[in-house]
Amino acid sequence: MILARSAVFSLGLWLVTLAAGAACLPLLLAPRPAVFAAATVWARAVLWLLRVAAGIRHRVVGSVLPDSETRYIFAVKHQSAWETIAFLAIAPPFAAVLKEELKRIPVYGWFLNRAGMVPIRRSARGAALRRMLRSARAQVDDGRHLLIMPEGTRMPPGRTGRYHPGVYALYKYLDMPVVPVAHNAGLFWPRNGFLKRPGTIAIEFLEPIAPGQDRETFMATLEERIETAALRLYDAARPEKRQT
C-alpha cells in the first residue's frame, strides 16, 4: 500500500510540476510577487497531493509564526524535500538562501532568479560571501523575510549536521532576529527516499534569537534550540508511526 501510494504521489508531483512550469513561463516577465504567488499555489497543490495520495498531513505545534511586522531570518532544520516545498505555503513571503548551482538549472533556475532567491557557495569566503550578504540585504529591504538551512544538506532524523557559519554572517550583518524552526518531516518523507509514510508532520517555530549575540553563543543557542525541539518532535511521532 505504501509503495503504491508513494508511486501515485511521485507521478502526480511530476505532472503538477511540469504543468505549473509550462503554465507559469509567462510569469518570468512579471513582477517578483507574482512569481512568488505562483510558487505558493504550486506548493499548496503539492501538499494537497501529498495528503490525498500519500496520507501525509502537517500541523504547526507549540509556538506560532512570529509577528509578521518584523523581518526575520528563519533557520530551518533540513531533512527532506518537504520543508523546501511546505515553507512556501506556511510562511510569509521570503527569500531563501540556496546553492548557487540551483540557479543554473534550465527553467527551474529561471524561476529561482525571478523569485529573488539568494545564491551562496557552500564554501563562501571573501567577495562571494559579501555578494551573498548584499543580495540578502536587498531582499530584506524589499520587505521579505529570509530562510536558510544552517546544516546545508539533508540529515536523517536524529542526526545533526555541522551548522555552517553563513547563518551567523547573515544574523550579524543584517542585525535581524533569527527564528529557529524544527520539524520531523524526515520520518515521513525521508531524504533521497521514494517511500512516503502516512502520518502528520509537525513543524515548530521556536523562540526568536535576538540580535547582538557573539558568534559562539549564537551558534550554540541556535543548534541547541533546533536539535532539542527536533528530538522532541521525533519522539512524539513514534506512536503514530507504529500505528501506520
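This is a predicted model: local features need pLDDT of at least 70, side-chain atom pairs count only at pLDDT 80 or more; totals for chains, interfaces and linings use all residues.
At what angle do helix α1 and helix α2 pack, and how far apart are their axes?

Helix α1 covers residues 2-23 and helix α2 covers residues 32-54; they pack at an angle of about 160°, with 9 Å between their axes. An angle over 145 degrees counts as roughly antiparallel, and α1 and α2 are therefore roughly antiparallel to each other. The crossing in which α1 passes α2 is right-handed. On the α1 side, the contact is made by R5, V8, F9, G12, L13, V16, T17 and A20. On the α2 side, the contributors are W42, A45, V46, L49, L50, R51, V52, A53 and A54. Sorted by class, this contact of α1 with α2 comprises 13 nonpolar, 2 polar and 2 charged residues.

I turn now to the sheet. This is an open sheet of 7 strands with mixed pairing, and the strand order is β1-β7-β6-β2-β5-β3-β4. Which strands stand at the edges? They are β1, residues 56-60, and β4, residues 118-120. Each has a single partner strand, so one side of each is left without a neighbour in the sheet. From one strand to the next, the twist averages 25°.

Strand β3, residues 94-99, is mostly covered, since 5 of its 6 residues are buried. Its pairing with β5 is parallel and extends over 3 bridges; here A95 stands opposite L146 of β5. With β4, strand β3 also runs parallel, and 3 bridges join the two. In that pairing, V97 has V118 of β4 as its bridge partner.

Elsewhere in the sheet, β6 (residues 178-183) and β7 (residues 199-205) run antiparallel and are joined by 3 bridges. A182 has E204 in β7 as its bridge partner.

Which helices lie against these strands? Helix α5, residues 126-141, packs on the sheet and touches β3, β4 and β5. The direction of α5 makes about 165° with that of β4. Helix α6, residues 166-174, lies across β2, β3, β5 and β6, and runs at about 160° to β5.

Is E151 buried or exposed? E151 has a relative accessible area of 2%; the cut-off for buried is under 20%, so E151 is buried. Setting aside neighbours within four places in sequence, E151 is in contact with K77, H78, R159, T160, G161, R162, Y163, H164 and E227.

The next residue is D175, in the loop between α6 and β6. D175 has a phi near 55°, a positive value in a residue other than glycine. With a relative accessibility of 54%, D175 counts as exposed.

N192 belongs to the loop between β6 and β7. Phi of N192 is likewise near 55°, positive in a residue other than glycine. The relative accessibility of N192 is 65%, and N192 therefore counts as exposed.

To close, I return to two points. Helices α1 and α2 form a roughly antiparallel pair. The sheet of 7 strands is open and of mixed pairing, with β1 and β4 at the edges.

How values were computed
Residues are numbered from 1 along each chain as its sequence is written. Side-chain values use heavy atoms; hydrogens and water are left out. Two strands pair if DSSP finds at least two bridges between them. Helices (H or I, at least four residues) and strands (E, at least two) are DSSP runs, numbered from the N terminus. Axes are lines fitted to C-alpha atoms, for helices over the stretch in contact, and angles run from 0 to 180 degrees between N-to-C directions. Contact means heavy atoms within 4.5 Å. Buried means under 20% relative accessible area, exposed over 50%, partly exposed in between (1.4 Å probe, protein chains only). Angles under 35 degrees count as roughly parallel, over 145 as roughly antiparallel, 65 to 115 as roughly perpendicular and the rest as oblique. A crossing is left-handed if the near helix is turned anticlockwise from the far one by less than a right angle, and right-handed if clockwise. Ala, Val, Leu, Ile, Met, Phe, Trp, Tyr, Cys and Pro count as nonpolar, Asp, Glu, Lys and Arg as charged, and the others, Gly among them, as polar.
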